[in-house]
Every structure is written in C-alpha cells, then in structure tokens.
Amino acid sequence: MAWWGKGLVQGLAVTWKNLTRRSVTARYPDVEPDLPPRSRGVIALQEENCTSCMLCARECPSWCITIDSHKEIIPATTEGGRDRSQNVLDVFDIDYSICMYCSICIEVCPFDALHWSPEFAYAEGDLKDLTHDMNRLRTWMGTVPPPQALDAKAEQGKELESFRRSEGEA
Amino acid sequence: MSELVDAVLRCLLVLGAFLTLPLLVGQMEHKAMAHMQSRVGPMAAGGFHGWAQLVADGVKFVQKESIVPGAADRKVFELAPAVALVPYLVALLAIPLGPFFGQGNLVGQDLDLGLFFVLAAMSVGVLGTLMGGLGSGNKYSYIGGMRVAAQLMSYELPMVLAAASVAMLAGTLSLIGIAEAWEPWWLLAQLPGLVVFFVAGLAELQRPPFDAPLADAELVMGPLTEYGGMRFAMFLLAEYAGIVVLAGLTTVLFLGGWAGPWSDQLGWVWTLLKIVLVSFLVIWARVAYPRLREDQVNSLAWKVLVPLALAQIAFTTVLVVW
C-alpha cells in the first residue's frame, strides 16, 4: 500500500537499520581478508611440468606471457636406441601489469604447469618489477592450495582407478 | 572593569563553542553517515576511531596553496569565505544555552530582537556562497550561484513565517523569552511550523537533499568549484557552523531550549543535547534522501512550505487571540 510520505519513512528506516548493524567494511591492512580457496591472486608455475608448448602464450588475450626454450638431447639409454629430445625452459615471464586474470592460460595448460594461488599482495613501486620471471613464478607454487576433494560418491578419476587396479593385481 | 571581563569571557566562550561544536558535528557526520551506509568511516587518524580526522583535514587544508583563478573577481572571490563564515559566529552570539548551575543564562548577549537578529545573520551567511558563485569566473560556479539565489529567495520566506508563528505565541522576539514561554503542548500546536522551519533551514544551508547549488553530478561543486585550501575549509566550516546555528535555533524556538528535569542547574546540558539531536537529524536527512531536482526544490518551497507556514500562522493567531 502506498501512502503519502512512505518513501521518506522508508529512507529513514533503511539508514537507521544500517546504523544499528555492524558495518561490512573489510579492515584489510589490519585484518587479512578471508579469501575463497580458488581465488585468483597470482599465477604459479610448476616448471618441470612445462613442455614449452606455447599454448598459454598464444591463448593469452593480453599477450602477457613470454616463453623461450631450447631443445636438449637425451642420449639413448640402450645400445642402438633412439636419442630423445626434451624442451627446456629458458624464459617464462608473466607481466602482471597487463595480465587480466582471465585464467585462460591455466585452463588451457595440458600438463598442469600453471596454477592459481590466492596470494594477492605483490604490488611494486616500479612497473617493470611486475613482470615475474620463472624463478619468482616458481616461488608462488608453495602458496597454491591443494585441489578440492571430489564429491564422496563421484568417480575418483581414471588415473587413480587404474592405479588402484594395478595395485590390486600386484 | 568586571563588565569588560564579563564581555570578554562571553566572547571567548562563544568563540570556543564556534570552533568546537561544528567540528563535533562534522565528526558525527563522518561516523554516523559511514555506519548508515554500512561503512566504518575514518579509523586511522588519532588512533581511536579516527577522532582526529578533522584535525588532520585542517592541517592538510592549511598546507594548500591559495589559488585565485585569472577570470575571478579577486576581491569578491577572496571575501566570500569570510562572508559565509562570520555571520554564523555572530548568530551563535545570540543563541542562549540556558541556565548554568544557577549562574544565570549562558548566552553571548541577550538581545530583545534576538530572533530577528539571528535570522538576519543566517541569511547573510548564504550570501557568501552566492558571492563565491558569481565571483569565481566559472560557468559552473555561476549556475550554482544562481541556484543559491533562487533557493535563498524561496526558503527565506517559509523559515521566517514559521519562526514568526512561535514568536507570536510567545509574545516576544527575545530568544530567552521564547524558550522560557515554551510549554510542552507547543510541540503539537507548532509541529507544522517546526517541520517547515527545519526543512527550510536545511535548504538555507544547502545541505543535502537541498544541495542542488552544489550538485556535484551537474555542477562540479557549484559555487565552491574554484575554491581550495583554507578558503574551501572556511566554507566547509561555515556549513557545519550553520548546522549548529540551525539546530540551536530549532531547539530554542520549537523544542523548549533548556526545558527538562533540573533545568535550573543543567539547562545548558539539555540545550546541547537537543542541539546534538537536531544535528543528527540533519545528517540523517542527508544520508536517507536523494538530492531534489532544481525545479522540485522551488516547488517544494512555494507549493508546500509557504502555504503550510501561512496556515500555521493563521492557526497560531487564532490561538493567541482566543
């Protein structure tokens, strides 16, 4: 029902209710924020997993990933065997001054070399320092939370199943 | 000699009140508005809940450069903040705080024409913003100045009419006389007058929701656009001093001033308490209501407040004659 002055009273009521409730302000510098475990803070690099396939660098919408690598020959372990070659990373830079935290690089990585870490406090005084090289990206790995557990009745993953089966046979 | 000491002491007390009460209201606005919007407001300055925020602001304002735009009318531009601020100091001189521990009435100077004097001083205060608007040499300031003028013209009338109604009922223009003649049933009989006076006072001070002259979405900062540093701080102080004067006047005219238990001893506490309450209402109105459009500002004055004030006066006339 609309009566004259209803809006005026409602305005007062809403503000008064807010006044009596606790404010919602996060007291950040004094109190650390309570972030959800999958929040996108910074991208960590597990460089052993990286095959320098360049998928991430090519999919990145803002072109903030720089990759350089060279091939190393692994000599054959058996007589007459074939030498194997392996890509070794020389450079893996992410420029956080242009990264837009879209998560495409992490989605697209076929070998789980990139991970989200909830750390967010890496502001710098100089723009250039926002480019993290692979050593710095590696250090973020320590802050990556373990993956979320699957639902109890869900299929627990093909690799795990086959591992369990092979254990049972042995 | 003792008369001189008395006068100097009263002046110093009024000056002290003038320098502290607006800051208290300002701090209350910071915190009350913040919590009404689910924020916490200033928390850092001074340690405990940001109590020294306004002191820090003052220090910052003092450090700022004083700039006069090339197109400005220099004298008018420089005089405007003083014109805005000083009248409220003058007005505060005549507002009584009530009995002080049986030592007589705590007032700068009891004037026979107190009500007339205070209302006159308050309208001079508005001229400061008008001068700032017209003297800045800036189109936004100019439009803001015109809005100030329109608002001043519209709201002076209902405000004076509402005040006149109380003066008629009390049979005196002395503020102390009015407060002493006050009786609780006036609250009901003068309720429309109280509302008209309070709303018109808000508009006179250009406080939200009547801040169309400043309307930052349309006019940058209206008449204050070109001001910075100490001059801007003076305008800001004038705004809060204006709130104190309006609250004091509303208290004395409509809320019985120092009426309350043990008013012979603690009358001044009652007055201050009521002033704080009315100031809180001023802040509350700012948070709760959006800004009125320019045409709404004027139609509210002429179509609602003036008829209401006239009806109140007619009603009071009947009361007085009867």
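Trainee: Is A:Tyr96 buried or exposed?
Mentor: A:Tyr96 is buried, at a relative accessible area of 5%; the term stands for values under 20%, with exposed over 50% and partly exposed in between (1.4 Å probe, protein chains only). Please note that this is a predicted model, where local features need pLDDT of at least 70, side-chain atom pairs count only at pLDDT 80 or more, and totals for chains, interfaces and linings use all residues. Residues are numbered from 1 along each chain as its sequence is written, chains are lettered from A and ligands numbered from 1 in the order in which they are written, and side-chain values use heavy atoms, leaving out hydrogens and water.

Trainee: How many aromatic pairs are there over all chains?
Mentor: The count is 14; rings of Phe, Tyr and Trp (its six-membered ring) pair if their centres lie within 6.5 Å, and planes under 30 degrees apart are stacked, over 60 edge-to-face and the rest tilted. A:Tyr96 and A:Tyr101 form a stacked pair, with 6.1 Å centre to centre and 25° between the planes. Ring pairs also join these two tyrosines with A:Trp116, A:Tyr122 and A:Trp140 in a cluster.

Trainee: What about A:Tyr101, how accessible is that one?
Mentor: A:Tyr101 is partly exposed, at 27% relative accessibility. Its phi is positive, about 55°, although A:Tyr101 is not a glycine. The residue lies in the loop between strand E3 (84–95) and helix H3 (104–108) of chain A; helices (H or I, at least four residues) and strands (E, at least two) are DSSP runs numbered from the N terminus.

Trainee: Changing topic: which residues touch the most other members of the largest nonpolar core?
Mentor: B:Phe197, B:Leu249 and B:Leu253 do, in a core of 86 residues. Such a core is a set of buried Ala, Val, Leu, Ile, Met, Phe, Trp, Tyr and Cys residues joined through side-chain atoms within 4.5 Å. Helix H10 (residues 229–254) of chain B gives the largest share, 16 residues.

Trainee: And is there a second core, and what does it include?
Mentor: A separate core of 28 residues includes A:Cys99, A:Cys105, A:Trp116 and A:Met141.

Trainee: Where is the cis peptide bond?
Mentor: The cis bond joins B:Pro208 and B:Pro209, with omega about 5°. B:Pro209 is in the loop between helix H8 (191–204) and helix H9 (216–219) of chain B.
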